[in-house]
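Here is my notebook from a walk through one model. I wrote down what I looked up, entry by entry.

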Amino acid sequence: MPTPEPTATEQNQAMDQALTILRRIYGYDHFRHNQADIIRTLIEGRDALTLMPTGGGKSLCYQIPALVREGVGVVVSPLIALMQDQVAALRQLGIRAAFLNSTLDPATARQVEGELLRGELDLLYVAPERLLTDAMLGLLERCRIALFAIDEAHCVSQWGHDFRPEYQRLSLLHQRFPAVPRIALTATADRRTRDEIVDQLQLQQAERFINSFDRPNIRYLISDRGNGRDEMWRFLQAEHPGDAGIVYCLSRRRVEETAAWLSGRGREALPYHAGLDADTRRRHQERFLREEGLIIVATIAFGMGIDKPDVRFVAHLNLPKSIEAYYQETGRAGRDGEPADAWMSFGLQDVITLRQFVEATDADERFKRVAHHKLEAMLGLCDLTGCRRQALLAYFGETLEQPCGNCDNCLHPPATWDATEPARMALSCVYRTGQRFGVNYLIDVLKGKQDERIQRNRHHRLSTFGIGAALSGPDWRGIFRQLISLGYLDIDHEGHGALRLTDRCRPLLRGEETLRLRRQRRPEKRPAAGRASAVAGLDEADRPLFEALRRLRLELAREQGVPPYVIFHDRTLREMAGHRPASRAELETINGVGASKLERYGDRFLAAIREFPAAPGATAATPLSP
Ligand code: ADP
Ligand code: ZN
């Protein structure tokens with residue numbers, strides 16, 4: 001029997017209820033972005049399509065309506081590995097949640113099905129292949145369903161990297177349950193994917209909520225010096241001495257080496273790549289989620305489904321192959337909205353490897369063209385002298401009016417220099433050696449190196465031999481890199497890395513054009529205790545308490561076998577350390593402390609805080625040492 005349309009008053013009451021849930025259960029003050037509108041849409045029984053960046057707060061958009069509406073909210077997600085933690089986090093809040101996927105033993109699955117039929121669940125997470133079975137659909141037909149949430153909705157797209165064939169069958173839900181509102185959610189920004197979601201899931205009627213893809217809390221830092229590891233070490237020690245983070249490398253071997261190297265220097269670091277057996281991978285992922293301050297060194301195989309909110313940095317030791325990939329991988333930092341760093345170091349070799357990589361695939365020409373195009377855009381972002389965030393957002397069709405003030409180029413504007421002469425030298429050297437040689441050889445010729453191979457080729461007689469001796473090897477590599485990324489030079493297709501001139505060179509060689517390049521940065525001394533570390537913004541005097549609260553959190557998490565952030569986020573602990581609430585009532589005003597957590601943990605945290613009384617007059621009297 002169809003439910004009658006709710007009246008306006010009923011709708012307003014429902015929204016009041018939603019706000020009460022946000023405050024009482026989640027412990028947050030107000031809705032973010034357009035959460036309130038999305039929630040209203042679902043409560044009123046209409047469909048929604050939600051594009052929100054990672055960390056934007058997508059889950060609340062379906063969790064709260066599922067609680068307000070009668071019946072169970074069914075969440076479809078491909079991320080089986082995550083379900084357990086998601087459900088654990090909801091139960092911490094006192095929400096009746098469960099999941100059904102292939103990891104459950106039959107007895108537990110039957111138990112969950114029983115709860116479902118008896119109407120004892122607020123939220124049920126289901127893997128798509130499970131949901132689409134006749135048995136499951138039959139079961140759902142006997143229940144009251146509040147809504148369907150289709151998470152990671154971009155998985156319907158055949159073009160994306162997360163394609164799941166079962167997702168394309170999810171329009172079935174609409175056909176079998178036409179009266180149940182649906183919400184599709186994704187953090188993938190591009191228009192083509194969006195259109196595909198609408199098409200495949202039959203969401204033509206859905207309200208669209210497209211958010212800005214900006215992640216203002218992420219600081220973008222890109223270094224072109226190309227000696228990644230040492231630079232990264234300096235960055236980690238200066239800015240993230242005790243923080244959890246992800247380091248991405250291109251190859252398995254590099255992953256292993258880097259993890260061992262970091263461990264050897266005293267940072268706990270674990271490798272993760274597709275070559276490790278499933279058990280090791282699972283263990284490493286688990287430790288990353290459950291311990292504090294661990295570094296995962298990974299290939300891009302790692303990430304999808306890593307829902308750890310307090311990743312304080314993502315470091316790339318290689319160039320990602322597209323801006324989409326860069327955005328997605330860096331997006332794993334700072335999901336909790338707190339400051340985080342996206343750091344990258346790349347060099348000439350990356351550019352060459354990736355170009356060859358694209359050429360070497362046996363995909364069709366159209367695919368290659370797209371891949372090249374994407375790589376060019378990524379290189380453009382790297383060699384940019386303006387605001388990175390503006391460029392990044394522009395790539396996704398968004399305009400950011402002002403430079404962001406939170407990327408390396410905004411913080412330390414890069415110098416440029418007139419590279420016209422050296423660029424001409426480099427290009428004519430390529431030409432005169434017959435467009436058959438790679439960068440290292442060309443640089444040797446330019447620098448006039450005494451080399452047997454050069455002499456055998458008689459290249460020591462060329463006019464370009466030795467004309468570039470005034471510049472250093474790294475300088476030349478920087479010049480070649482930018483000439484490649486700017487499209488003056490092409491890399492040969494047979495995979496030997498030989499450079500060739502493109503048509504783009506003509507005006508420069510003819511003297512009709514000048515060229516300014518980005519000057520490579522020298523290593524800089526950064527101030528210690530970075531702004532993006534977990535203790536940033538905390539008074540020195542409050543740090544011992546913060547650390548004590550963290551220890552308590554870890555202890556509680558261990559007792560229950562859940563990740564620490566499921567108990568409280570860093571931000572909540574930091575507020576506790578800063579405000580030192582003395583009563584339950586005071587504690588409840590802290591962000592992230594809802595009724596259920598107050599009940600469970602309030603007294604233990606209050607006791608811990610009491611052990612660290614703020615020294616009376618601590619800020620006024622005691623003179624600090626210089
Ligand atoms: P997404 O799924 O979009 O990546 P989540 O739903 O995991 O993001 O939310 C990211 C973080 O922000 C979570 O810790 C969540 O509890 C928090 N959050 C969501 N909405 C709010 C809000 N209105 N106020 C404060 N914190 C919020
Ligand atoms: Zn900027």
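**Entry 1: α23 and α25.** I began with how α23 passes α25, and the crossing is right-handed. (A crossing is right-handed if the near helix is turned clockwise from the far one by less than a right angle, and left-handed if anticlockwise.) I made a note that this is a predicted model, where local features need pLDDT of at least 70, side-chain atom pairs count only at pLDDT 80 or more, and totals for chains, interfaces and linings use all residues. Residues are numbered from 1 along each chain as its sequence is written, chains are lettered from A and ligands numbered from 1 in the order in which they are written, and side-chain values use heavy atoms, with hydrogens and water left out.

The axes of α23 and α25 (residues 570-579) come within 9 Å and cross at roughly 135 degrees. Axes here are lines fitted to C-alpha atoms, for helices over the stretch in contact, with angles from 0 to 180 degrees between N-to-C directions. That angle makes α23 oblique to α25. (Under 35 degrees counts as roughly parallel, over 145 as roughly antiparallel, 65 to 115 as roughly perpendicular and the rest as oblique.) Helices are DSSP runs of H or I with at least four residues, strands are runs of E with at least two, and both are numbered from the N terminus.

I then listed the contact: Leu 545, Phe 546, Leu 549, Arg 550 and Arg 553 of α23 with Asp 570, Leu 573, Arg 574, Met 576 and Ala 577 of α25. Contact means heavy atoms within 4.5 Å. By class I found six nonpolar, no polar and four charged residues. (Ala, Val, Leu, Ile, Met, Phe, Trp, Tyr, Cys and Pro count as nonpolar, Asp, Glu, Lys and Arg as charged, and the others, Gly among them, as polar.)

**Entry 2: Ala 534.** Next I looked at the loop between β17 (516-518) and α23, where Ala 534 sits. Ala 534 counts as buried because its relative accessibility is 3%. (Buried is under 20% relative accessible area, exposed over 50%, partly exposed in between, with a 1.4 Å probe and protein chains only.) Leaving aside neighbours within four places in sequence, its contacts include Phe 546, Arg 550, Asp 570 and Arg 574. Asp 243 is 291 residues away from Ala 534 in sequence, yet their C-alpha atoms are 6.7 Å apart.

**Entry 3: α23 and α27.** I went back to α23 (residues 543-560), whose axis comes within 10 Å of that of α27 (residues 595-610), with a crossing at roughly 145 degrees. This crossing is right-handed. The meeting residues include Leu 552 and Leu 556 in α23, and Tyr 601 and Phe 605 in α27. By class, the contact has eight nonpolar, one polar and five charged residues.

**Entry 4: α18 and α19.** I found α18 (residues 420-432) packed on α19 (residues 439-447) at about 115 degrees, with the axes 10 Å apart. That makes α18 roughly perpendicular to α19. Met 425, Ala 426, Cys 429 and Val 430 in α18 meet Leu 442, Val 445 and Leu 446 in α19. The classes are seven nonpolar, no polar and no charged residues.

**Entry 5: Thr 50.** Is Thr 50 buried or exposed? I found Thr 50 buried, with a relative accessible area of 0%. Thr 50 lies in strand β1 (residues 48-51). Beyond neighbours within four places in sequence, Thr 50 is in contact with residues including Ile 38, Leu 185 and Phe 209.
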